[in-house]
Amino acid sequence: MTPSVKSLRIGGLVVGFGFMGVKSKFATLTTLANVLLGARLRGRRGAFYGITMLYRRDPRPLREDLPKIFALIARGEIDPVIDATFPLLAAGEALQRLASGGTAGKIVLCDS
């Protein structure tokens, strides 16, 4: 049992969020099983939150949220951690870096 499930009271909810850093399919399956099945077997509840899945289902909130997020960044109210910046023409290389699981922040594509 993971510490996150163990720390919950009976009936509590553990939410899995973000799998980009998971290094292997086995680790992903283990996490899924632990959160969904393991939590339930121990009297807790498990769920996953994936913003990408929500936006794929209905892209309207993304179209509404992006301008707000960019405005917050422009005003300096949020300061995202940038792992690497790539020119747009090197998007394939950026995707490989992201898929490697070794990023510690956002990957940014720019037009220069």
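Is R97 buried, partly exposed or exposed, in terms of relative accessibility? At 36% relative accessibility, R97 counts as partly exposed, where buried means under 20% relative accessible area, exposed means over 50%, and partly exposed lies in between (1.4 Å probe, protein chains only). The model is a predicted one, in which local features need pLDDT of at least 70 and side-chain atom pairs count only at pLDDT 80 or more, while totals for chains, interfaces and linings use all residues. Residues are numbered from 1 along each chain as its sequence is written, and side-chain values use heavy atoms, with hydrogens and water left out.

R97 meets D83 through their side chains in a salt bridge, at 2.8 Å from N to O; the term stands for a side-chain nitrogen of Lys or Arg within 4 Å of a carboxyl oxygen of Asp or Glu. Because D83 lies in strand β3 (residues 82-87) and R97 in helix α5 (residues 91-99), the pair ties together parts that are 14 residues apart in sequence; helices (H or I, at least four residues) and strands (E, at least two) are DSSP runs, numbered from the N terminus. D83 is itself partly exposed, at 22% relative accessibility.

A search of the whole structure finds three salt bridges. One of them joins R75 and E77, whose closest N and O atoms are 2.5 Å apart, and R75 counts as exposed at 52% relative accessibility. Another links D58 with R60, with the closest N and O atoms 2.9 Å apart; here D58 is partly exposed, with a relative accessible area of 25%, whereas R60 counts as exposed at 52%.

The surface also carries a nonpolar patch, formed by L13, V15, F17, Y49, I51 and L54, with about 540 Å² of accessible area together. Such patches are made of residues with over 30% relative accessible area and no salt bridge, like charges being joined within 9 Å and nonpolar side chains (Val, Leu, Ile, Met, Phe, Trp, Tyr) within 5 Å, and the areas come from the Shrake-Rupley method with a 1.4 Å probe, for which only the protein chains shown count as cover for residues. β1 (13-17) and α3 (51-57) each supply at least two residues of the patch, and the largest share, three residues, comes from β1. I51, which lies in helix α3, is partly exposed, with a relative accessible area of 34%.
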